[in-house]
Amino acid sequence: MSANRVIDCRGLSCPQPVVMFTQAVARDASDLDVLVDNPASVENVSRSARKKGYKVEAVDAPDQGVGVVRLEMRR
């Protein structure tokens, strides 16, 4: 199940995906999904989200591109 808000971080390396996630949460702390395409971003964004109280599920998202992971973040 996808959230209404999706942050597209494909092609970006850390720390940019973490910064984009943090800015999005500062504007609105509701559920969201983050698309990433490298293992470091999966780990770093997930860690940041858990610290902010989100439950995180990493789901392969081949419909978004090869190697893309959808981080589903729910409160």
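Okay, let's start at P15, which sits in the loop between β1 (6–8) and α1. The peptide bond from C14 to P15 is cis, with omega near 15 degrees. For background, most peptide bonds are trans.

Before I go on, a word on what we're looking at. This is a predicted model, where local features need pLDDT of at least 70, side-chain atom pairs count only at pLDDT 80 or more, and totals for chains, interfaces and linings use all residues. Residues are numbered from 1 along each chain as its sequence is written, and side-chain values use heavy atoms, with hydrogens and water left out.

So how confident is the predictor? pLDDT is its confidence in each residue, from 0 to 100. The protein averages 94, and 96% of the residues score at least 70. Confidence is lowest in helix α1 (residues 16–27), with a mean of 96, and highest in strand β3 (residues 55–60), at 98.

Now the layout. We have 2 helices and 4 strands, running β-α-β-α-β-β from the N terminus on. Those labels are DSSP runs, numbered from the N terminus: helices are H or I with at least four residues, strands are E with at least two.

What about overall size? The C-alpha atoms fill a box of roughly 30 × 25 × 15 Å along the principal axes. With 75 residues, a compact globule would have a radius of gyration near 11 Å, and the protein has 11 Å, so the two agree. That radius is taken over C-alpha atoms, and the globule rule is 2.2 Å times the number of residues to the power 0.38.

Contacts next, meaning heavy atoms within 4.5 Å. Of the contacts with a separation of 6 or more, 65% are between residues 24 or more positions apart.

As for burial, 39% of the 75 residues count as buried. The cut-offs are under 20% relative accessible area for buried, over 50% for exposed, and partly exposed in between, using a 1.4 Å probe and protein chains only.

Let's visit helix α2 (residues 39–51), where we find N44. S41 is in helix α2 too. Which of the labels does S41 get, buried or exposed? At 1% relative accessibility, S41 counts as buried. Leaving aside neighbours within four places in sequence, S41 is in contact with L12, C14, P17, V36, S46 and L71. N44, on the other hand, is partly exposed, with a relative accessible area of 23%.

Over to the strands. V6 lies in strand β1 and is partly exposed, with a relative accessible area of 42%. Where does D33 come in? V6 and D33 are 27 residues apart in sequence and 4.7 Å apart in space, C-alpha to C-alpha. Not counting residues up to four places away in sequence, V6 touches D33, L35 and R70.

Last stop, strand β3, which holds A58. A58 counts as partly exposed, at 49% relative accessibility. Not counting residues up to four places away in sequence, A58 touches V69, R70 and L71. From A58 to D33, 25 residues apart along the chain, the C-alpha separation is 9.7 Å.

That's the tour, thanks!

Note on methods: pLDDT = per-residue confidence, 0-100.
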